[in-house]
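Me: Could you walk me through how some helices sit in this model? Here it is.

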Amino acid sequence: MNILDDLKWRGLWADCTDEAELSKRLASGPIVLYCGFDPTADSLHAGNLVPLIALRRFQIFGHHPIALAGGATGSIGDPSGRTQERQLLNADVLARNIASVKQQLRRLLDFDSPVNPALLLDNNDWTAPVSYLDFLREVGKHFSINMMVSKESVRARMEDRECGISYTEFSYMLLQAFDFYHLCKERTCELQIGGSDQWGNITAGTDLIRKKLARSAFGLTLPLITNADGSKFGKTVAGAVWLDPKRTSAYRFYQFWIRTDDRDVIRYLKYFTFLSHEEINDLDRQHLERPETRMAHRALAKAVTDMIHGPTATQEAQRASEILFGGGLEGVSESTFNEIVGEVPTQTIEASRLVGPGLPLVEALVHAGLCASKGQARKDLDGGGIYINNVREAGATRALTAGDLLFGRHLLLRKGKRNYVVLSVANG
């Protein structure tokens, strides 16, 4: 199976400029390809993963990937898929963003391969030295306004009466075409990949290469991912799912994937993991036969979190997840437990209530909102449905003291299988 067959099997195929010719070219030997990303933030997010993982897929098949950071294009803003103009970023912010994202790319691409190492380039290096007049003469003259207006990314914005499109964003297509032209000329790059919203920008590049270099070049787009319910992929109630753990912790990242809709999980295994066809087909079978085991969900969450954060962080995230399913707390780090604090209801208690004889458990259960009354708390204790730090407690006379605190600050109370509340000692 070649790379194009693999992409099709995974559903990672939207459009191609000339599939037959591209297949023939790939069969003749390795190709140089690139995918660009504009560093509009200091971290990539889950929505960036499909094209960047696709670069890695090409690399695994022996091809030469270039990850192109848009130091130049990022200062303009791509109108594709946007209803409003992006906020313009200055050079210092863009430089910091590129430096941060570079570290994330090292988890996705192999920059040290002795055979086909990936490259990270910045289009500002070849765009900044070109004067405005030279750009108009060497690039702009090859594009008609009619053609540019016909591109979906431009037409959609022009039809928006409230926002419209600025001349700055209108020019973005030319800058991206110039990138492809430059990489073709200087790096023998013959293929650009990107999301389906990039089709107009990509074909502008293949046209410029044909006109200026009299060469063939190819464009391949990947589908934009949406969830089964039609919502945008990579978003949660809290916002975007980032790859930087300072923005989205490894635990929350893991949770995002393990909570994937049952209808999406096999699709996402194909899109976002390097599991083999056989492994995914086996998980598909298990998912159909016994969906309650969530084997496919766990495989997805582990594979993607391993790739982005590493196995150690994944293990910590798994431990935190297990705690909310009744797992033991032995050996759990404070940072892992703190992730749980943000996932369940939290009530504060005064430290003074835990000294001496301590706080009666029945009172704590009422304070936590797990039981409506002390009488109900006693009944729940007698029935064996109450847990302190995930250990069952049946004694109605039990009191909580400072010795029960986790990390000197927290108590994890549970009623039944899934009703959790954290009691945290008030600061000061």
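This is a predicted model: local features need pLDDT of at least 70, side-chain atom pairs count only at pLDDT 80 or more; totals for chains, interfaces and linings use all residues.

Residues are numbered from 1 along each chain as its sequence is written, and side-chain values use heavy atoms, leaving out hydrogens and water.

Me: Is α12 roughly parallel or roughly perpendicular to α16?
Reply: Helices here are DSSP runs (H or I, at least four residues), numbered from the N terminus. Helix α12 (residues 250-258) packs on helix α16 (residues 311-323) at an angle of about 70°, with the axes, lines fitted to C-alpha atoms over the stretch in contact, 9 Å apart. Because 65 to 115 degrees counts as roughly perpendicular, α12 is to α16 roughly perpendicular.

Me: Which residues of α16 make the contact with α12?
Reply: Contact means heavy atoms within 4.5 Å. From α12 come Ala-250, Tyr-251, Tyr-254 and Gln-255. Their partners on α16 are Ala-313, Thr-314, Ala-317, Gln-318, Ala-320 and Ser-321.

Me: How many of the twelve residues of α3 are buried?
Reply: Buried means under 20% relative accessible area, with a 1.4 Å probe and protein chains only. Among the buried residues of α3 are Leu-49, Arg-57 and Phe-58. Helix α3 is mostly covered, and the count is ten.

Me: Which residues of α17 are buried?
Reply: Good one to finish on! Helix α17 spans residues 334-341. Its buried residues are covered by elements including α12 and α16. They are Thr-336, Phe-337, Glu-339, Ile-340 and Val-341.

Conventions: Axes are lines fitted to C-alpha atoms, for helices over the stretch in contact, and angles run from 0 to 180 degrees between N-to-C directions. Helices (H or I, at least four residues) and strands (E, at least two) are DSSP runs, numbered from the N terminus. Angles under 35 degrees count as roughly parallel, over 145 as roughly antiparallel, 65 to 115 as roughly perpendicular and the rest as oblique. Buried means under 20% relative accessible area, exposed over 50%, partly exposed in between (1.4 Å probe, protein chains only).
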